[in-house]
Protein chains: 2
Amino acid sequence: MLTFIGLGLYDQKDISVKGLEAIREADVVYAEFYTSRLMGATLEDMQELYGKPVKVLMREDVEQHPKDTVLSDAVDKKVVFLTGGDAMVATTHVDLRLRAKKMGIETRLIHGASIQSAVCGLTGLQNYRFGKSATIAFPYKDIISETPYDTILMNKKNGLHTLLFLDIDREKGYMTVNRGIELLLKVEERRKEGAVAGALCVGIARAGSPSPCVRAGRIEELQAFDFGGPLHIMVMPADLHFLEEEALQDLAGLKLG
Amino acid sequence: MLTFIGLGLYDQKDISVKGLEAIREADVVYAEFYTSRLMGATLEDMQELYGKPVKVLMREDVEQHPKDTVLSDAVDKKVVFLTGGDAMVATTHVDLRLRAKKMGIETRLIHGASIQSAVCGLTGLQNYRFGKSATIAFPYKDIISETPYDTILMNKKNGLHTLLFLDIDREKGYMTVNRGIELLLKVEERRKEGAVAGALCVGIARAGSPSPCVRAGRIEELQAFDFGGPLHIMVMPADLHFLEEEALQDLAGLKLG
């Protein structure tokens, strides 16, 4: 039996009561922190709450040799597999689940809070007004991907907001809103199609923590704003509805006019 | 102090450990179940876990007279406000939060699992491939809204999946996938633009429960499929990526060819 458990957004207590019970009943506890991680908890904090050790797996372990660990254990033991955010959202988890299925291992999901809906709650932007999301990646050999720019452009044409995930890289670290803005503005310099220059932007830091930071303003103004520690995420909104505008004024310091 | 807590998807144990602690420390506990509700828990189940009574509010209480209950209490007491799914995603909650802010009441969010990301986990459909979502509403005086159809059409043109929320009505009850399909096919009869006829459809029931049902197939085939009890939700996918196709075959009984 293999149970995928989403740990939620920020610290060890964002797991559901159901998820915590499943960990306490498990024979083996695995976790991976390469797709996402809890910024407000150390591995020790987690182990203390769970009352048992957690084995942390690298991407290679999960994607290349899962039969050496998770899958062989799950054949005849109760195994839980922990991930930041909600369970099974990343491709790497879907792949693991399908491999388990092929081996006849029963799988189960225990969901956790996800940044996608948390952003709506924190900003007041309405979930049905979001179009496709995109990820701003660190440049690869100085090449900046234009995909986020194209996504913003397409969504704005359809009157939709764009949620922009910010890259997490083992060496380069956690991308900030500021760096994300810089990369978008560089693409704007080339493309000049007006998707981002002078546009409204919303930056969010530490969702799920006791001190989340949510700030809205013109993208150029936000570029120097200090959002504090990671994780960061951002939204490029389309035209705002009345209640959204009011929410960004009251919750995110938006100044109009 | 007013803390919005998302209860997650299915039963009383889908709340986070942090959320449960906040309830136990609260002076007053309010809940609303008109935007969403936990199908796997009664009010008694919840109260037993929390160790204290829960006052359930109607839409009128929250939207028209919040100062009679939540807001007046939150001025000098620790008040928690419980909702199904994630916290503060519905307009009605944003409105309540802004009113609290205006009265100088501090607000805080404790997130819960949301159906939006749960659908990705359950189906293997990738979250960055979803476009705008829509709601299939019960017909109003025999008028069927074409908005969901238009949304599917727009998303498919952009190669994106469409998440379709199914209406919850105090009198008409919980809309099933079957009824949602019937309404979409009726719009197709009029419009004949091919957004749904013969198309792939994915129905999901009881996300977050121990026995979720996930089924994929041609929309006409799914129309008679028995998904069991509520809540239901559905997806009209665009063309599938390889791993998505494999996931729907293995997890949702999709037969190709």
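Predicted model: local features only at pLDDT ≥ 70, side-chain atom pairs only at ≥ 80, totals over all residues.
How many salt bridges does the rule count over all chains? The count comes to 36.

**Between the chains**

Chain A and chain B meet in a contact that takes 51 residues from chain B and 51 residues from chain A. The size of an interface is often given as the accessible area lost when the parts come together. Here about 4,500 Å² is buried between chain B and chain A. Carbon and sulfur atoms give 58% of that area.

Polar links cross this interface too. The rule finds ten salt bridges between chain B and chain A. It also counts 29 residue pairs in polar contact, both residues at pLDDT 80 or more. On the side of chain B that touches chain A, helix 1, helix 5, helix 6 (115-123) and helix 10 (242-252) each supply at least two residues. Helix 5 of chain B gives the largest share, seven residues. By class, that side of chain B divides into 23 nonpolar, 15 polar and 13 charged residues.

**Named salt bridges**

| Residue | Partner | N to O distance |
|---|---|---|
| Lys18(A) | Asp14(B) | 3.0 Å |
| Arg129(A) | Glu244(A) | 2.5 Å |
| Lys102(B) | Glu246(A) | 3.0 Å |
| Glu60(A) | Arg170(A) | 3.4 Å |

Take Lys18(A) and Asp14(B), whose side chains meet in a salt bridge. This pair crosses between chains. Lys18(A) sits in helix 1 (residues 17-25) of chain A. Asp14(B) sits in the loop between strand 1 (2-6) and helix 1 (17-25) of chain B. Are these two residues buried or exposed? Lys18(A) has a relative accessible area of 12%, so it counts as buried, the cut-off being under 20%. Asp14(B) is buried as well, with a relative accessible area of 9%.

Lys102(B) and Glu246(A) form another salt bridge. Why does this pair join two chains? Lys102(B) lies in helix 5 (residues 91-102) of chain B and Glu246(A) in helix 10 of chain A, so the pair spans both. Lys102(B) is exposed, with a relative accessible area of 56%.

Arg129(A) and Glu244(A) form a salt bridge within chain A. The pair links distant parts of the chain, 115 residues apart. Arg129(A) is in the loop between helix 6 (115-123) and strand 6 (134-136) of chain A. Glu244(A) is in helix 10 (residues 242-252) of chain A. Both Arg129(A) and Glu244(A) are buried.

Chain A also holds a network of salt bridges. It links Glu146(A), Asp150(A), Arg190(A), Arg191(A) and Glu193(A).

**Two domains in chain A**

Eight residues of domain 1 are in contact with twelve residues of domain 2. The area buried between the two domains is about 790 Å², of which carbon and sulfur atoms give 66%. Which residues of domain 1 lose the most area to domain 2? They are Leu9(A), Tyr10(A) and Met39(A), together 64% of what that side buries.

Across this domain interface the rule finds one salt bridge. It also finds one residue pair in polar contact, both at pLDDT 80 or more. The side of domain 1 that touches domain 2 has three nonpolar, two polar and three charged residues.

Note on methods. Residues numbered from 1 in each chain as written. Chains lettered and ligands numbered in written order. Heavy atoms only, no water. Contact = heavy atoms within 4.5 Å. Buried area = accessible area lost by both parts, 1.4 Å probe. Salt bridge = Lys/Arg side-chain N within 4 Å of Asp/Glu carboxyl O. Polar contact = N/O pair within 3.5 Å; in protein donor to acceptor, adjacent residues only side chain to side chain. Nonpolar A, V, L, I, M, F, W, Y, C, P; charged D, E, K, R; others polar. Helix = DSSP H or I, 4+ residues; strand = E, 2+ residues; numbered from the N terminus. Buried < 20%, exposed > 50% of the residue type's maximum accessible area, 1.4 Å probe, protein only.
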